[in-house]
Amino acid sequence: TIAGGRSGNWATYFKINIKKLKGLLLWNKLGSEHEVTHSRVGPDGIIIGDIEYLPCMHENGFKPLPRTGDHNITDNYIQYHGLSLGQQGCIEFWYHPDWSGWQVGHQVEILDYGYLEDPGQHLIRISYNDWQNLLSFDFYGSPTDRSFIHRQVRPSTVPQWSTEHPFHIAIVWDGTAVNTADRLKLFFNGVQTGNASWYGDPTFAGWPTDMVSSLGGRLFSGDWDRHKWEGSEGIIDNIKIWAFPKTDFSDRFDE
């Protein structure tokens, strides 16, 4: 008996599926507590604080909840230890945004890869700024040289973007690319988009191995007194992290 209770020619099944998953560092379905804490591939997720499970692309995904008693700080998310991302890679997931309206200066974190004890020291960050209506994707070359590549996009300008249904997002990095602007690519529903800016010559080489990935919502700026942030930024479903710069996402509908 093998994955999912399937039986039969296990050797053939194993070989076919290992070939499909070559280079896959993490696959977590995110649809329940059991799925979060039992990754199909890679390290298991650790639930921090309070989250709930809601319908998304592949059955359920998860949504962070605001911290009880202080809606300005969401400290509810999922952590992954031991990923050790490298010079090339890809992160893809389904995302159902929940942005009911613009506030003033609220910036919510969707994904982070950095030091657990110092949230300011990160190498990857995906965030949404509701004041400027911008999704931002930041990649830093290393904690020492602080070179970086930044891509951002206004969701309202992306074809087929909607808060009514899930959307596939993928970020791809390749520190070996000749042109600096090609070292970070952004895909929405399988189509590349976004403008790039960069500083220095980031190659994404020599990243520390003790980084922690956090997935979910954390408000890290805002007008604390005037605006209470009552919600979260959406539902995240079926995350996959690859060790190569994947650019073909025609398989995104296959869980």
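Are Arg125 and Asp112 buried or exposed? Arg125 is buried, and Asp112 is buried as well. The points below put that pair in context; note that the model is predicted.

1. Overall make-up. The protein chain contains 2 helices and 16 strands. Of its 255 residues, 48% are buried. The accessible surface of the chain is about 12,100 Å², and carbon and sulfur atoms account for 50% of that surface.

2. Contacts along the chain. Take the contacts between residues at least 6 apart in sequence: 68% of them join residues at least 24 apart.

3. Cysteines. How many disulfides does a search of the whole structure find? The search finds 0. Cys56 has a relative accessible area of 14%, so this residue counts as buried, the limit being under 20%. Cys90 is also buried, because its relative accessibility is 0%.

4. Salt bridges in general. Side chains of opposite charge can pair when their charged atoms come close. The structure holds 6 salt bridges. Three of them are described in the points that follow.

5. Lys246 and Glu92. These two residues form a salt bridge whose closest N and O atoms are 2.8 Å apart. The pair connects distant parts of the chain: Glu92 sits in strand β6 (residues 88–97), while Lys246 is in the segment after β16 (234–242), and 154 residues separate them. Lys246 counts as buried because its relative accessibility is 7%. Glu92 has a relative accessible area of 4%, so Glu92 is buried too.

6. Arg125 and Asp112. This is the pair from the opening question. Their salt bridge has its closest N and O atoms 3.5 Å apart. Arg125 belongs to strand β8 (residues 118–129) and Asp112 to strand β7 (residues 107–115), so the bridge ties together parts that are 13 residues apart in sequence.

7. Arg183 and Asp201. Here the closest N and O atoms of the salt bridge are 2.5 Å apart. Both partners are in loops: Arg183 in the one between β11 (167–174) and β12 (184–188), Asp201 in the one between β14 (195–199) and β15 (212–221). The two residues are 18 apart, and the pair links distant parts of the chain. Asp201 is partly exposed, because its relative accessibility is 47%.

8. Which residues do salt bridges with shared partners join into one network? They are Glu92, Lys246 and Asp251. Glu92 and Lys246 are the pair described in point 5.

How values were computed
Residues are numbered from 1 along each chain as its sequence is written. This is a predicted model: local features need pLDDT of at least 70, side-chain atom pairs count only at pLDDT 80 or more; totals for chains, interfaces and linings use all residues. Side-chain values use heavy atoms; hydrogens and water are left out. A disulfide is a pair of cysteine sulfur atoms within 2.5 Å. Buried means under 20% relative accessible area, exposed over 50%, partly exposed in between (1.4 Å probe, protein chains only). Helices (H or I, at least four residues) and strands (E, at least two) are DSSP runs, numbered from the N terminus. Contact means heavy atoms within 4.5 Å. Accessible areas come from the Shrake-Rupley method with a 1.4 Å probe; for residues, only the protein chains shown count as cover. A salt bridge is a side-chain nitrogen of Lys or Arg within 4 Å of a carboxyl oxygen of Asp or Glu.
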